[in-house]
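Please take a moment with the sequence and the model shown here before reading on.

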Amino acid sequence: MHLTKLLRLSNLALSKNVSQNIFRNNSGLVFNKLINKELTNFKYISNSPEPSASNKGNINQALICFKYLRLIKKAIREFGPIVEENKMLQYLLQKAKEYNIPPDYIDYVCRLSVDSRATLGLMDLLLFHNCHFIVQYEDIDISLTKHHLLKLCHTTDAFIIQNNTKWLQNFDQKGIIMVRNDSTCSPFKDLKETQMIATNVGATRAAQEIDPEGLPYWQFLCDSCDLHEVKRQLTEKGCLVEEAFVGYIPKKKITLSHHARNTAQKIFVELNKIPCIDNVYTNIS
């Protein structure tokens, strides 16, 4: 109910002839003024909720959570925040519920989607044995994001690299396009045809992958500056593009001992408890 009210709220703000500039720059203020009489218990939360101790799981669960929180933001920004008018958002909210993604996380990313103060950023966590975690986040208060990560580092012997230059030594920045590949929507016969199409549209690599939900997809890589053009051409060829974003591919993967791998897995799961994190990239094989 709270989520539905939130999403209706942004539509109310835009339907009351509120100046677009005022709404973009003072979304929290506009929200509170417009619905003060309608939702007396409504509280605008400008920062992310505290990490949830109940949000437990394995790496697959963490990746699924990252995925659906990203897709919910994407659906709101592309098709609007009103659930009843946004079929994609309805579907994603149902999937998030099925995967037990905490409701306060969903509520938070919905708020973030309509707040112009949200900022994208990267932080590089270094564990032992040259094990890196590139943490991609979107938040309003970056200092709070860093606070959560510092707390995590304190319990796992990791530390934050204080600048963004270190990842360049270990990762390549690439455009990443995820295309559905099942019996109902794959436009390609096999890997050979997919790789040929990849060359034609300007992608540098195409591979068949399995996502955390166990669903097959084609992954296309390209130069980050070509992302939108490659996505456009794939869409014109009948591909169902689920996601297209700039991500990070390890230049060389490392193998960890059993103990080190368990520690790295713990970090991955703990990162999933911070709702402002969009994705995590690592060089672990």
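Which kind of link do the side chains of aspartate 278 and lysine 73 form when they meet? In this model, which is predicted, the two side chains join in a salt bridge, with N and O 2.7 Å apart. The pair ties together distant parts of the chain, since aspartate 278 belongs to strand S8 (residues 277-282) and lysine 73 to helix H4 (residues 59-79), 205 residues apart. Both aspartate 278 and lysine 73 are buried.

Leucine 120 is 18 residues from glutamate 138 along the chain, yet their C-alpha atoms are separated by 4.4 Å.

With this spot in mind, the reader can turn to the chain as a whole. The protein chain has eleven helices and eight strands, and 51% of its 285 residues count as buried. Among contacts with a separation of 6 or more, those between residues 24 or more positions apart account for 72%.

The largest nonpolar core has 49 residues, of which Ile72, Leu125, Phe133, Leu271 and Ile277 touch the most other members. The elements that give two or more residues to this core include H4, H6, strand S1 (119-127), S2 and S8, and H4 gives the most, with ten residues. Isoleucine 72, once its neighbours within four places in sequence are set aside, is in contact with Leu89, Leu92, Leu93, Ala96, Ile106, Val109 and Cys110. A second, separate core of 16 residues includes Phe188, Ala203, Ala206 and Leu234.

Helix H6 (residues 103-113) deserves a look of its own, as it is mostly covered, with nine of its eleven residues buried. Among the buried residues of H6 are Ile106, Val109 and Cys110, which are also contacts of isoleucine 72.

Another part of the chain is built around an open sheet, in which four strands follow the order S5-S6-S4-S7 with antiparallel pairing. Its edge strands are strand S5 (205-210) and strand S7 (241-250), each of which pairs on one side only, and the twist from one strand to the next averages 30 degrees. Within the sheet, strand S4 (residues 171-180) and strand S6 (residues 216-223) pair in the antiparallel sense over seven bridges, and one of the residues to look for is lysine 174, whose bridge partner in S6 is aspartate 223. Two helices lie across these strands: helix H9 (residues 191-201) lies across S5 and S6 and runs at about 135 degrees to S5, whereas helix H10 (residues 227-236) lies across S4, S6 and S7 and runs at about 20 degrees to S4.

It remains to return to charged side chains. Side chains of opposite charge can pair when their charged atoms come close. The count of salt bridges comes to 18. One of them joins lysine 74 and glutamate 78, with N and O 3.6 Å apart, and these two residues both lie in helix H4, four residues apart, about one turn of the helix. An α-helix has 3.6 residues a turn, so residues three or four places apart point the same way. Lysine 74 counts as partly exposed because its relative accessibility is 30%, and glutamate 78 is partly exposed as well, with a relative accessible area of 45%.

A further salt bridge links glutamate 209 and arginine 205, whose closest N and O atoms are 3.9 Å apart. Glutamate 209 is partly exposed at a relative accessible area of 26%, and arginine 205 counts as partly exposed at 36% relative accessibility. Elsewhere, Lys67, Lys95, Glu98, Asp211, Glu213 and Glu242 are linked in a network of salt bridges.

Notes:
Residues numbered from 1 in each chain as written. Predicted model: local features only at pLDDT ≥ 70, side-chain atom pairs only at ≥ 80, totals over all residues. Heavy atoms only, no water. Buried < 20%, exposed > 50% of the residue type's maximum accessible area, 1.4 Å probe, protein only. Pairing = 2+ DSSP bridges. Axes fitted to C-alpha atoms, helices over the stretch in contact; angles between N-to-C directions. Contact = heavy atoms within 4.5 Å. Salt bridge = Lys/Arg side-chain N within 4 Å of Asp/Glu carboxyl O. Core = buried A, V, L, I, M, F, W, Y, C linked by side-chain atoms within 4.5 Å.
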